[in-house]
Amino acid sequence: MIENSKQNNPLNVCLDDAGTHNKAILDFFFAKLGQNVFRCVDSQEKASVVLIDYDFPPARQKYEEEYQQWGKPALVLSISEVSLENAIWLAKPLTSRSLLDAAETLQKQLANSGVEPNADETAELYPPTDLGLTESNQLHPPVQTTRQRPPEIASLGAAAIPLVKKVDEDSPDLADDEPLNDTAVTVEVEKEEDKQPDLSTNLDTETHENKQTSAETKDIEPTPEISEEASKSINESRTIMLCGDKPDIAANSDLKDFYTDDSFFLSSLKDAIRLARQCQQGVLLNFPKARIYVLPEIHRVFCGINIYEDEFLDLIKSCTISEGGKMHILSTQEIHELNDMISQQASALYDMEAFVWTSTLLSAQGGLPRTLDPKKVVGLKHWPSLTRLENFPHAMPIAAQWSSTSMNAFDVAKSLNIPQRYVFSFYNATNSLGLIEQDPEKLITKKSVPRSKDAPRGLFSRLLKRLVGG
Amino acid sequence: MPHEVYSHAYSNDWWGGDMSTENRKIIFTGPVGAGKTTAIRSISDIEIVTTDEQASDMAKARKPATTVAMDYGMIKLSENERVHLYGTPGQERFNFMWDILTEGGIGLVLLIDNSRKDPQQDLKFYTQAFKKFIEAQQLVVGITRMDTHRVPNVNDYRQWLDQLKIKAPVFEIDARKRDDVSLLIQAMLMSLAPGAEIL
Ligand SMILES: Nc1nc2c(ncn2[C@@H]2O[C@H](COP(=O)(O)OP(=O)(O)OP(=O)(O)O)[C@@H](O)[C@H]2O)c(=O)[nH]1
Ligand SMILES: [Mg+2]
């Protein structure tokens, strides 16, 4: 190793013949650990040491035909041992230690031969650091540096989802009014025969989710069949369904008439989820138009009606206390039935959070339940998993704002300069998922100071535009 | 370090050739097979450069190819503005590179494979290994393979992060889907600069 006390000049090297991935590694290395040991120059002529990737034929050729005649010492990178005169072999993958050791040897060589590695500079060597360098300069299995095209994603069969624990065939059927016991639910999802060979068939639920979560992307890249305008208006009407179209209200106005109560559908759903979680068993929620199965162990809900279609809104609006809303723990018979249904309609299986999220939004349509005060300062405990939730305008900026600073809903809308209905929708939906902390004192705050001031906002904005725009 | 403009056609892809590009890196990390290479490939504008090997010592492993040195991809914002995407090798014997890799990074994308034996331990390990970087910059967590392994769920991860006193967005993702990876990075950027406008 190089000793701390030694004062040596950096070795001039040129990375033109190092090969792409070695170059990246060396750049990192030179930027920090090796910053005083090596210095980059822009041509091999200017280098005091010739550095080449011996496994890269053009580099090797140049070395053999040209550089070797110069008589400069060489650093030869290769996966297999190379013994050349006046050259040090560095095994790939490169390690910090082998680079530092080689540098030391070269410094000595150059000093002995009276050549200054870099005459115009005296630099202090980087002190040895303990970075956990466990790698020795040993031979490694062959490494292929490949430049790859994004592959066509291969067709994937629907995964067998280990839904819940194994069913006990002999266990007695559970009647609706029987006490909760340990009978567990098993549902095996069979591979659907007629699945399209694309990624989203992995689970059909994702087909819907994708349609929704990439709503913004869709604006810019409409599917070939739907015109840009048509898809825009579909998105707009869906947004109104989710978040309503109410105008903003003054923060000091009377909120008495503003609140909307949870729909009967939503409150029943929340009760069913609570029950299912408490007993860790599947629960069936019965409505005349639909049967909803809450499956806590796999965090999913089965519902025959597509929640991203208008029919689901009709279901929510039509549910009343006089018509259904009864719930019970699934019987073995019902578990078998559910098994069959899932195998025929895997797309009806939704992520539980995604189901609650969309149900909440459609129930309130931009309003707030009485329990959520838009004037109260609250914080976002955790981000919702936005990749699997139906998207609506500004959901992500609201999450970022509310997660960084506790605020009231009015102020969130004001600070982002967006319509209040989106903030109320977010507030309501995240609250349904248990992600809102009403007591901001309890929130975890990041230790470090906020970096928003020094964050390169221009770059971030441009990158965001790219990411959103596809 | 002095920055040179490399003459190779592809060399700008690596470093951009000027100092200002240094703080435009996003690092992807996580255990073997979590989807780092795939995620970078999903979002990169260029063909990614990877050092995947089909080595014999991986014969026992769960996947045919593993990254041995690093992955590199890039998002080109304009001719002069690029965001570099670096993936760490999943194998822990390459830890020595992590320090160097994170220098000047915007943030960390931690991918956790939900099908592994102890994802909570993985979460602990990587958040500890990148502790300083996470404190100074922004962490986002992407849980992969939830399509085949529903347990643990996203909420479990939220609780585990609470226990570690770390605040970070946690998204279920499929590394093969550009939209998923994109949303994860958007969450990172917006966390760093809440209220940032999309220009
Ligand atoms: N089913 C499923 N497969 C995934 C998902 N994400 C990634 N994969 C697959 O997982 C495999 C491993 O992904 P890689 O990108 O090679 O993982 P890596 O993190 O780079 O692994 P190392 O380089 O070994 O550390 C690939 O075949 C991916 O297609 C996911 O969410 N679900
Ligand atoms: Mg990899």
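The lining of the largest cavity comprises 3 nonpolar, 3 polar and 5 charged residues. The model is predicted: local features need pLDDT of at least 70, side-chain atom pairs count only at pLDDT 80 or more, and totals for chains, interfaces and linings use all residues. Residues are numbered from 1 along each chain as written, chains are lettered from A, and side-chain values use heavy atoms, without hydrogens or water.

**Exercise 1.** Determine which residues line the largest cavity.

Step 1. A cavity is a set of points on a 1 Å grid over the protein atoms alone where a 1.4 Å probe fits but cannot get out; lining residues have an atom within 4 Å of a point. The count is 8 cavities of 30 Å³ or more.

Step 2. The largest cavity holds about 80 Å³, the volume being the space filled by probe spheres set on the points.

Step 3. Its lining consists of A:H299, A:D351, A:E353, A:S385, A:R388, A:L389, B:M146, B:R150, B:N153, B:V154 and B:E172.

**Exercise 2.** Is A:N428 buried or exposed?

Step 1. Buried means under 20% relative accessible area, with a 1.4 Å probe and protein chains only; exposed means over 50%.

Step 2. A:N428 has a relative accessible area of 3%, and is therefore buried.

Key:
On a 1 Å grid over the protein atoms alone, a cavity is a set of points where a 1.4 Å probe fits but cannot get out, and a pocket is an open set with protein on both sides within 12 Å along at least five of seven lines; lining residues have an atom within 4 Å of a point. Ala, Val, Leu, Ile, Met, Phe, Trp, Tyr, Cys and Pro count as nonpolar, Asp, Glu, Lys and Arg as charged, and the others, Gly among them, as polar.
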